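Welcome! Open your viewer, get your selection tool ready, and follow the stops below one by one.

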Amino acid sequence: MPDRLVDELVPESVDWERLVRRYPLPCLALAAAGGFILGRHRGSELIAALTDFATRQASDSIHQFLGPDA
């Protein structure tokens with residue numbers, strides 16, 4: 001799933017997987033800085049979105065486990 005998200009965000013002309021393999025530490029630092037900035041400015045919105053996502057995933061998993069009749 002994270003690969004699809006990055007594929008949607010990064011232009012097709014950029015081979016981001018090759019860049020990450022070739023420059024892992026700068027990519028990690030960039031991701032950490034981006035996460036820090038997002039967290040500082042949109043932290044509560046991110047937590048709400050992640051909570052909603054986790055709840056939906058858990059609900060879907062339970063429904064699949066119990067079957068369509070449950």
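## First stop: a salt bridge and its partners

Select Asp-15, which is partly exposed because its relative accessible area is 38%. Keep in mind as you look around that this is a predicted model.

Arg-18 and Asp-15 form a salt bridge, and their closest N and O atoms are 3.9 Å apart. A salt bridge here needs a side-chain nitrogen of Lys or Arg within 4 Å of a carboxyl oxygen of Asp or Glu, so that distance qualifies. Arg-18 has a relative accessibility of 39%, so Arg-18 counts as partly exposed.

## Second stop: a patch of negative charge

Next, select Asp-3, Asp-7, Glu-8, Glu-12 and Glu-17 together. These residues gather on the surface as a patch of negative charge. Which helix gives the largest share of the negative patch? Helix 1, covering residues 2-9, supplies three residues.

Glu-17 sits in helix 2, which covers residues 16-22. Is Glu-17 exposed or partly exposed? With 37% relative accessibility, Glu-17 counts as partly exposed.

Move on to helix 3 and color residues 24-66. Select Leu-25, which has its place in this helix. Leu-25 counts as exposed because its relative accessibility is 65%, and the cut-off for exposed is over 50%.

Gly-39 has a relative accessible area of 35%, so Gly-39 is partly exposed. For another distance, pick Gly-39 and Val-14: they are 25 residues apart in sequence, and their C-alpha atoms are 26 Å apart.

How far apart are Arg-42 and Glu-45 along the helix? They are three residues apart in helix 3, so about one helical turn separates them. Arg-42 is partly exposed because its relative accessibility is 44%. Glu-45 is partly exposed too, with a relative accessible area of 49%.

Now select Asp-52 and Arg-56. Their side chains meet in a salt bridge, at 3.0 Å from N to O. Asp-52 and Arg-56 are four residues apart in helix 3, so this pair is separated by about one helical turn.

## Last stop: a nonpolar patch

What kind of patch do Ile-62, Phe-65 and Leu-66 form? The patch is nonpolar and lies on the surface, and together the three residues have about 380 Å² of accessible area.

Zoom in on Ile-62, whose place is in helix 3. With 48% relative accessibility, Ile-62 counts as partly exposed, because the exposed class starts only over 50%.

Key:
Residues numbered from 1 in each chain as written. Predicted model: local features only at pLDDT ≥ 70, side-chain atom pairs only at ≥ 80, totals over all residues. Heavy atoms only, no water. Patch = residues over 30% accessible without salt bridge, like charges linked within 9 Å, V, L, I, M, F, W, Y side chains within 5 Å. Areas by Shrake-Rupley, 256 points an atom, 1.4 Å probe, with all protein chains shown as cover. Helix = DSSP H or I, 4+ residues; strand = E, 2+ residues; numbered from the N terminus. Buried < 20%, exposed > 50% of the residue type's maximum accessible area, 1.4 Å probe, protein only. Lys, Arg positive; Asp, Glu negative; His and termini not counted. Charge placed at Lys NZ, Arg CZ, Asp CG, Glu CD.
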